[in-house]
Amino acid sequence: MPKLWLAANWKMNKTVSEGQAFVGRLVEQIPGLIKPGAGEVQVLIFPGLVSLQSVATAARDTTIRVGAQDCYFEAHGAFTGEVSLPQIKDAGGSAVIVGHSERRHVIGEDNRLVAAKLRATINAGVLAVLCVGELAEERDAGGAFRVVDEQLETALAGLAGVTERTLAVAYEPVWAIGSGRSATVPDVEEMAIFIRERLVEHIGEERGKDVAIMYGGSVKPGNLSGYMSIRDITGALVGGASLDADSFAALYREMEGQ
Ligand code: PEP
């Protein structure tokens, strides 16, 4: 498995052709992404669903992995508007973001639904990037650890067969997402240590120590290396700064320079 993860969450941005152009430009900037070129940094792109297949095809000769920003927990059936894991895999996806804060707080997903999606993703052998993080008012009231603990507890309790190939956790304080107000390195470090402890408690020492923990929240070129200096942080989930291939390439180089 790669040591470091650099993930792009495009949210509801980019058309099919813009997604394809991004991959072309990124590879121009980072030729080491062309296969076999297995570097230390694994790039993971989460395009909108409509572009998943075309981005996966554009990235075919590279080490870039592609995934979906969400999934449903059933494999098929009468669930209008939803997308299943078999569909995601068939389109070339090998990862899914589960429980992103915009799914939780804009769309209204609760911890139970997130847990069902996590279980389905892991059972499908797909990498789940489980997002956890507190709201500003929860942090201000001293509840950041309790909120993250509850999110992890509901998602991970009784989870079987999980490994670092099927689970990564992204700590994304909600107040830092898309706000330009990134979390401080000491705050992220404290939370990363807490998440690692909880992972070990829930899935055991052997597997819990190898699960990647990413930071997300207004990461941009220049501030990434601070987060990557934290022992338990082995990746970043990037929204805004992942939309431009040149800025994403700058993040790649910053991560590689660690
Ligand atoms: C995200 O979408 O997960 C994210 C962290 O966004 P941004 O980098 O824009 O804060």
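Lys14 counts as partly exposed, with a relative accessibility of 24% (buried means under 20% relative accessible area, exposed over 50%, and partly exposed in between, using a 1.4 Å probe and protein chains only). This is a predicted model, in which local features need pLDDT of at least 70 and side-chain atom pairs count only at pLDDT 80 or more, while totals for chains, interfaces and linings use all residues. Residues are numbered from 1 along each chain as its sequence is written, and side-chain values use heavy atoms, with hydrogens and water left out.

**The chain as a whole**

- The protein chain holds 11 helices and eight strands (DSSP runs numbered from the N terminus, with helices being H or I of at least four residues and strands being E of at least two).
- The radius of gyration of the protein chain is 17 Å, close to the 18 Å that the globule rule gives for 258 residues, so the chain is as compact as a globular protein of that length. Here the radius is taken over C-alpha atoms, and the rule is 2.2 Å times the number of residues to the power 0.38.
- Of the 258 residues in the protein chain, 51% are buried.
- Looking at contacts between residues at least 6 apart in sequence, 72% join residues at least 24 apart (contact means heavy atoms within 4.5 Å).

**Around the ligand**

- The ligand has 14 residues around it, and Lys11, Glu172, Gly178, Ser218 and Gly239 come nearest (a residue is near a molecule or strand if one of its heavy atoms lies within 4 Å of it).
- By residue class, this shell divides into four nonpolar, eight polar and two charged residues. In this scheme Ala, Val, Leu, Ile, Met, Phe, Trp, Tyr, Cys and Pro count as nonpolar, Asp, Glu, Lys and Arg as charged, and the others, Gly among them, as polar.
- The side chain of His100 places an N or O atom 2.8 Å from an oxygen atom of the ligand. Such a polar contact is a pair of N or O atoms within 3.5 Å; within protein, one must be able to donate a hydrogen and the other to accept it, and residues adjacent in sequence count only if both atoms are side-chain atoms.
- The backbone takes part too: a polar backbone atom of Gly239 is 2.8 Å from a ligand oxygen, and a backbone N or O atom of Gly240 lies 2.8 Å from an oxygen atom of the ligand.
- Taken alone, the ligand exposes 290 Å², and the protein buries 96% of that.

**The loop between S1 and H1**

- Lys11 sits in the loop between strand S1 (4–9) and helix H1 (16–29), and Lys14 lies in the loop between S1 and H1 as well.
- Lys11 has a positive phi near 50°, in a residue other than glycine.
- Lys14, also not a glycine, has a positive phi of about 80°.
- Lys11 counts as partly exposed at 21% relative accessibility.

**The loop between H10 and S8**

- Ser229 is in the loop between H10 and S8, and is exposed with a relative accessible area of 53%.
- A polar atom of the Ser229 side chain lies 2.6 Å from the backbone oxygen of Gly226.
- Ser229 and Lys14 are 215 residues apart in sequence, and their C-alpha atoms are 31 Å apart.
- Thr234 lies in the loop between helix H10 (224–228) and strand S8 (235–238). Beyond its neighbours within four places in sequence, Thr234 is in contact with Lys3, Leu4, Trp5, Ala212, Ile213 and Met228.

**Two further residues**

- Thr166, in the loop between helix H7 (144–156) and strand S6 (167–171), counts as buried at 8% relative accessibility.
- Leaving out neighbours within four places in sequence, the contacts of Thr166 include Ile122, Gly125 and Val126.
- Val200 belongs to helix H8 (residues 185–203) and is partly exposed, with a relative accessible area of 24%.
- Not counting residues up to four places away in sequence, Val200 touches Glu205, Gly208 and Lys209.

Conventions:
Accessible areas come from the Shrake-Rupley method with a 1.4 Å probe; for residues, only the protein chains shown count as cover.
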